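Here's a quick tour of this model, starting with charged pairs and then moving on to packing. Have the structure open while you read.

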Amino acid sequence: MSIRPKSSRTGPAALGIASRATSDAVVTDPDEVRPATREETFPVALAAVLLSFIALMLSFTRGYLLLYGDAVAHLGIARRILDSRNPGLIQLGGVWLPLPHLLMLPFVQKLEWWQNGLAGAWPSLLCYIAGVAGLYRLSRHLLTPRWAIAATAFYALNPNLLYLATTAMTEPLFLALLIWTTLLTMECIAAINAARYAVVARRLILIAVFILAAVYTRYDGWILGAIVLCVLTLALARRREVLRRVVPSFALFTLLVVAGPISWLAYNQHFFHDPLDFIRGPYSASAIERKTASPGLEHYHGWHSPLWALVYYTRAAQVDAAFWETGFLVMAAAIGGLILAIRRRLVLASLLLWIPLPFYIYSITYGSVPIFIPQLWPHSYYNTRYGMEMLPALAVFALLGAQWLEGRCAQSQPLAKRLMQPVVLLLVALNTIGMMYRTPLVLKEAMNNSVTRVGFETALGRQLLLLPKGSTILMYNSDHVGALQYAGIPLRQTVNEGDYDSFHAALAAPAKHAAYVVAIAGDPVSEAVAAHPENLTELTILCTSGQPCARIYQSDHSAPAPPKS
């Protein structure tokens with residue numbers, strides 16, 4: 001039985017202190033809760049590789065890689081770092097954090113991979129594999145091998161996660177960083193309690209690197225880093241003799257953790273003249289919410305209401321994790337496992353997996369981050385993927401609750417004990433099949449919200465292909481860079497907002513700075529054309545349902561217009 005009665009808790013796992021993981025450890029008890037060996041983890045990672053390539057094959061052949069507008073935008077940012085009139089770090093922008101784009105950078109320079117989305121798939125697949133392997137290793141600090149396999153299967157077979165792992169979205173990367181940061185923190189605290197100085201020193205540096213990566217991936221990582229810093233500082237303060245031996249490593253750890261947010265504030269100040277540009281700038285969440293909100297209508301549910309924010313976020317997490325209405329059972333089991341872990345002090349550092357819950361409650365309430373799911377008003381799709389960040393916590397703690405229930409059945413119902421884990425594995429498989437049959441929520445959002453955008457950008461891209469090769473194009477790229485992506489037009493061929501000086505000079509006199517001008521209703525270029533129409537000849541008007549109209553102009557200073565399609 002994996003979780004012993006309170007009177008018999010004498011092992012390190014029951015005390016919340018993990019024993020040392022070594023590559024040559026010998027398994028003597030199949031029901032032992034202990035750190036996983038490399039030999040245990042390798043088959044799990046291998047299975048994740050197989051699953052990831054199956055997912056990639058399905059997503060690629062069905063054209064799913066570029067359904068999310070954010071995925072197209074992430075690829076565009078990564079591409080423009082080098083493919084730009086003004087290449088360099090300024091092209092990272094000031095709102096989305098830089099690490100995902102830097103990881104895509106080697107892949108996105110291949111034009112074909114930029115166009116078909118594979119440039120974003122390769123880093124996400126690697127992160128998915130790392131996340132699955134990390135979740136198994138983390139689970140083994142709380143669960144027996146059988147139940148750790150079940151928890152890992154629940155995580156790895158989630159269709160929403162498998163889909164995101166084939167896209168340029170940031171969730172697979174952050175989930176891997178969350179899992180490994182939690183795992184390393186658990187191991188570091190165990191080493192502190194065991195007074196293993198060398199291990200503590202190494203873990204502190206490694207944790208700092210993972211926190212720095214998380215800080216540069218999503219803003220949740222800032223909260224993760226702050227909490228881990230507090231947790232490890234408290235653990236070392238309780239063991240002063242260990243702290244004295246690892247002062248250099250702890251100082252470097254603190255420096256790296258603090259350097260992440262400070263460097264991003266400095267970056268925003270240097271390039272955008274506002275350290276908080278990502279909070280209050282023109283591309284921030286609050287600015288987007290103001291831009292997209294319908295005048296006169298009330299704010300989304302959850303606005304300045306923590307209770308509604310809790311309802312929407314937990315409901316999204318349930319639907320992201322489980323088929324039909326079984327998410328309620330998964331959430332209930334996870335909460336039961338959480339209570340069990342707290343009451344029995346079972347590796348309390350594992351509670352870091354729950355950080356997304358308070359972060360998104362706050363973000364929905366005060367950060368202009370709405371979540372719409374079809375199960376709740378207004379019964380639509382928006383930001384449903386944010387619930388995915390609860391998946392590791394649901395997987396580990398729901399199965400911790402199931403393992404406890406199995407232990408309770410050990411004496412009175414031995415048959416139920418033998419069948420419980422196989423039945424749970426069967427339910428995990430059926431959950432995956434059911435979610436795929438009904439179309440996973442995250443994929444459904446991508447499909448619903450991409451219909452008009454993809455059609456518009458494809459039609460606009462076809463028009464751009466008719467322009468003379470190498471022509472300079474004035475175009476605002478933040479909203480519909482997918483048209484250039486479809487046409488395979490290098491971004492350095494365009495005058496866009498990525499180069500502040502040349503773009504604003506072109507807006508003052510469009511005909512003098514570009515051979516062709518693409519004005520999409522409502523964007524800065526369309527406003528510039530309305531203010532300065534001189535020497536511009538309209539070639540094409542493109543209007544599609546659900547999208548603003550685009551007009552293509554030729555400068556009278558350029559060569560004769562190409563034939564219209």
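Glu 389 and Arg 218 join their side chains in a salt bridge, at 2.9 Å from N to O. This pair links distant parts of the chain: Glu 389 sits in the loop between α17 and α18 (391-412), Arg 218 in the loop between α9 (197-215) and α10 (220-238), 171 residues apart. Both Glu 389 and Arg 218 are buried. They also belong to a network of salt bridges that links Asp 70, Glu 171, Arg 218, Asp 220, Arg 385 and Glu 389. Keep in mind that this is a predicted model.

The salt bridge count comes to 17. Here are three of them, with their N to O distances:

| Pair | N to O distance |
|---|---|
| Glu 389 and Arg 218 | 2.9 Å |
| Glu 40 and Arg 140 | 3.1 Å |
| Arg 34 and Glu 32 | 3.7 Å |

Take the pair of Glu 40 and Arg 140, which meet in a salt bridge. Glu 40 is in helix α1 (residues 38-61) and Arg 140 in the loop between α5 and α6 (145-156), so the pair ties together parts that are 100 residues apart in sequence. Glu 40 has a relative accessible area of 16%, so it is buried, and Arg 140 counts as buried too, at 0%.

Pro 356 lies in helix α17 (residues 356-366) and counts as buried because its relative accessibility is 1%.

How enclosed is helix α2? Of its 12 residues, 10 are buried, so the rest of the structure largely encloses it. The cover over those buried residues includes α3 (99-108), α4 (111-116), α5 (118-139), α20 (441-465) and α21 (477-487).

On to the nonpolar side. The largest nonpolar core has 165 residues, and Phe 253, Phe 397, Leu 460 and Leu 464 touch the most other members. Helix α8 (residues 171-193) gives the most to this core, with 15 residues. Apart from this core lies another, of 15 residues, including Tyr 476 and Val 495.

Out on the surface, Leu 415, Leu 419, Val 423, Leu 426, Leu 427, Leu 430 and Ile 433 form a nonpolar patch with about 660 Å² of accessible area together. One of them, Leu 430, is in helix α19 (residues 414-438) and is partly exposed, at 46% relative accessible area.

Terms used: Residues are numbered from 1 along each chain as its sequence is written. This is a predicted model: local features need pLDDT of at least 70, side-chain atom pairs count only at pLDDT 80 or more; totals for chains, interfaces and linings use all residues. Side-chain values use heavy atoms; hydrogens and water are left out. A nonpolar core is a set of buried Ala, Val, Leu, Ile, Met, Phe, Trp, Tyr and Cys residues joined through side-chain atoms within 4.5 Å. Buried means under 20% relative accessible area, exposed over 50%, partly exposed in between (1.4 Å probe, protein chains only). Helices (H or I, at least four residues) and strands (E, at least two) are DSSP runs, numbered from the N terminus. Patches are made of residues with over 30% relative accessible area and no salt bridge: like charges are joined within 9 Å, nonpolar side chains (Val, Leu, Ile, Met, Phe, Trp, Tyr) within 5 Å. Accessible areas come from the Shrake-Rupley method with a 1.4 Å probe; for residues, only the protein chains shown count as cover. A salt bridge is a side-chain nitrogen of Lys or Arg within 4 Å of a carboxyl oxygen of Asp or Glu. Contact means heavy atoms within 4.5 Å.
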